[in-house]
Amino acid sequence: LLKRRVLLAGMMSASFVPDQILAAPEGKRRAEGRFTTGSTAGGVSFFQDADQWAVYLEADFVHDGSPDPWVALGQDGFRRDAIIGELTQFRGAQIFPIGPKLTPIEFNEVYIWCVQHNTSLGRARLTWL
(Lines give C-alpha, C1' and ligand atoms only; values in the text may rest on other atoms or scores of the structure.)
Protein backbone atom coordinates (compact mmCIF):
# COMPACT_ATOMS: atom_id res chain seq x y z
CA LEU A 1 0.00 0.00 0.00
CA LEU A 2 1.05 3.54 -0.62
CA LYS A 3 2.03 5.15 2.62
CA ARG A 4 1.97 8.86 3.27
CA ARG A 5 3.19 11.17 5.95
CA VAL A 6 1.13 14.17 6.95
CA LEU A 7 3.02 17.34 7.71
CA LEU A 8 1.07 20.27 9.07
CA ALA A 9 1.95 23.66 7.66
CA GLY A 10 2.50 26.48 10.14
CA MET A 11 0.15 29.41 10.54
CA MET A 12 1.15 32.34 8.33
CA SER A 13 -1.39 34.83 9.71
CA ALA A 14 -4.44 34.78 11.95
CA SER A 15 -6.77 34.74 8.93
CA PHE A 16 -4.93 31.98 7.06
CA VAL A 17 -5.94 28.38 7.75
CA PRO A 18 -3.27 26.11 6.25
CA ASP A 19 -4.06 23.03 4.19
CA GLN A 20 -2.44 19.76 5.12
CA ILE A 21 0.71 19.18 3.14
CA LEU A 22 1.20 15.56 2.17
CA ALA A 23 4.63 14.20 1.48
CA ALA A 24 5.02 12.30 -1.77
CA PRO A 25 3.91 8.69 -1.44
CA GLU A 26 6.51 6.02 -0.88
CA GLY A 27 7.41 4.14 -4.00
CA LYS A 28 8.89 5.02 -7.36
CA ARG A 29 7.92 8.13 -9.31
CA ARG A 30 6.99 6.80 -12.76
CA ALA A 31 5.68 9.88 -14.59
CA GLU A 32 5.38 13.61 -14.02
CA GLY A 33 3.85 16.68 -15.57
CA ARG A 34 2.41 20.14 -14.96
CA PHE A 35 -1.07 21.54 -15.38
CA THR A 36 -0.78 24.06 -18.22
CA THR A 37 -4.39 24.55 -19.32
CA GLY A 38 -7.61 25.73 -17.73
CA SER A 39 -8.05 27.07 -14.22
CA THR A 40 -5.53 24.70 -12.65
CA ALA A 41 -1.76 24.97 -12.08
CA GLY A 42 0.99 22.96 -10.44
CA GLY A 43 2.77 19.66 -10.69
CA VAL A 44 1.43 16.11 -10.81
CA SER A 45 3.11 12.69 -10.64
CA PHE A 46 2.32 9.00 -10.95
CA PHE A 47 3.82 6.84 -8.20
CA GLN A 48 4.05 3.06 -8.01
CA ASP A 49 4.61 0.98 -4.86
CA ALA A 50 4.54 -2.75 -5.74
CA ASP A 51 1.29 -3.14 -7.69
CA GLN A 52 -0.38 -0.04 -6.17
CA TRP A 53 -0.43 3.16 -8.24
CA ALA A 54 -1.45 6.71 -7.29
CA VAL A 55 -1.74 10.20 -8.72
CA TYR A 56 0.02 12.75 -6.54
CA LEU A 57 -0.91 16.41 -6.89
CA GLU A 58 2.23 18.27 -5.83
CA ALA A 59 2.44 20.86 -3.03
CA ASP A 60 2.24 23.70 -5.60
CA PHE A 61 -1.13 22.45 -6.95
CA VAL A 62 -3.87 25.09 -7.13
CA HIS A 63 -7.34 25.10 -8.66
CA ASP A 64 -9.55 28.19 -8.87
CA GLY A 65 -12.57 26.58 -7.19
CA SER A 66 -14.68 25.82 -10.27
CA PRO A 67 -17.66 23.55 -9.49
CA ASP A 68 -17.69 19.76 -9.32
CA PRO A 69 -13.96 19.05 -9.93
CA TRP A 70 -12.76 15.46 -10.20
CA VAL A 71 -9.33 13.97 -10.90
CA ALA A 72 -9.32 11.89 -14.09
CA LEU A 73 -6.86 10.27 -16.48
CA GLY A 74 -6.65 10.48 -20.23
CA GLN A 75 -4.82 9.16 -23.27
CA ASP A 76 -4.61 12.02 -25.77
CA GLY A 77 -8.00 13.11 -24.43
CA PHE A 78 -10.27 12.69 -21.42
CA ARG A 79 -11.63 9.22 -20.66
CA ARG A 80 -14.90 9.03 -18.74
CA ASP A 81 -14.03 5.53 -17.47
CA ALA A 82 -10.88 6.91 -15.81
CA ILE A 83 -12.31 9.32 -13.23
CA ILE A 84 -10.44 8.38 -10.05
CA GLY A 85 -11.58 10.75 -7.30
CA GLU A 86 -13.29 13.94 -6.31
CA LEU A 87 -11.08 16.97 -5.69
CA THR A 88 -11.95 18.08 -2.16
CA GLN A 89 -9.17 20.66 -1.67
CA PHE A 90 -8.39 23.40 -4.16
CA ARG A 91 -4.72 23.70 -3.22
CA GLY A 92 -1.82 21.71 -1.92
CA ALA A 93 -0.59 18.15 -2.10
CA GLN A 94 -3.13 15.36 -2.47
CA ILE A 95 -3.02 11.63 -3.25
CA PHE A 96 -5.53 9.75 -5.41
CA PRO A 97 -5.17 5.95 -5.68
CA ILE A 98 -5.58 4.49 -9.16
CA GLY A 99 -7.91 1.51 -8.89
CA PRO A 100 -7.00 -1.96 -10.12
CA LYS A 101 -9.39 -1.73 -13.09
CA LEU A 102 -7.15 0.89 -14.73
CA THR A 103 -3.71 0.30 -16.25
CA PRO A 104 -1.71 3.45 -15.48
CA ILE A 105 0.83 2.98 -18.28
CA GLU A 106 -2.02 3.42 -20.79
CA PHE A 107 -2.42 7.08 -19.80
CA ASN A 108 -0.43 10.19 -20.71
CA GLU A 109 -2.59 12.93 -19.16
CA VAL A 110 -4.15 13.91 -15.84
CA TYR A 111 -7.26 16.07 -15.84
CA ILE A 112 -9.20 18.13 -13.37
CA TRP A 113 -12.63 17.50 -14.87
CA CYS A 114 -15.95 19.21 -14.17
CA VAL A 115 -18.45 16.34 -14.22
CA GLN A 116 -21.43 18.71 -13.90
CA HIS A 117 -20.56 20.61 -17.10
CA ASN A 118 -18.56 17.82 -18.81
CA THR A 119 -15.53 20.02 -19.40
CA SER A 120 -11.85 20.22 -18.58
CA LEU A 121 -10.75 22.54 -15.77
CA GLY A 122 -7.10 21.68 -16.32
CA ARG A 123 -4.87 19.19 -18.13
CA ALA A 124 -1.35 18.00 -17.38
CA ARG A 125 0.60 16.09 -20.01
CA LEU A 126 2.72 13.35 -18.43
CA THR A 127 6.32 12.47 -19.22
CA TRP A 128 7.18 8.88 -18.38
CA LEU A 129 10.47 8.48 -16.51
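Biologist: How far from a polar atom of the side chain of Gln-94 does the backbone oxygen of Gln-89 lie?

Modeller: Bear in mind that this is a predicted model. Gln-94 is placed in strand 9, residues 94-98. A polar atom of the Gln-94 side chain and the backbone oxygen of Gln-89 are separated by 3.1 Å.

Biologist: Is Gln-94 buried or exposed?

Modeller: The relative accessible area of Gln-94 is 4%. A residue counts as buried under 20%. Gln-94 is therefore buried.

Biologist: Which residue in strand 4 stands opposite Glu-32?

Modeller: Strand 3 (residues 28-35) and strand 4 (residues 40-49) run antiparallel and are joined by seven bridges. Their hairpin has four residues between the strands, and Gly-38 takes a positive phi near 75° there. The residue opposite Glu-32 is Ser-45.

Biologist: Which residue in strand 11 stands opposite Gly-33?

Modeller: Strand 3 is also joined to strand 11 (residues 119-128), by five bridges, and these two run antiparallel. Opposite Gly-33 stands Leu-126.

Biologist: How many residues are in the largest nonpolar core?

Modeller: Phe-46, Val-55, Leu-57, Val-71, Leu-73 and Val-110 touch the most other members of this core. Strands that each supply at least two of its residues include strand 3, strand 4 and strand 11. A second, separate core has five residues, among them Phe-47 and Tyr-56. The largest core has 23 residues.

Technical notes: Residues numbered from 1 in each chain as written. Predicted model: local features only at pLDDT ≥ 70, side-chain atom pairs only at ≥ 80, totals over all residues. Heavy atoms only, no water. Buried < 20%, exposed > 50% of the residue type's maximum accessible area, 1.4 Å probe, protein only. Polar contact = N/O pair within 3.5 Å; in protein donor to acceptor, adjacent residues only side chain to side chain. Pairing = 2+ DSSP bridges. Core = buried A, V, L, I, M, F, W, Y, C linked by side-chain atoms within 4.5 Å.
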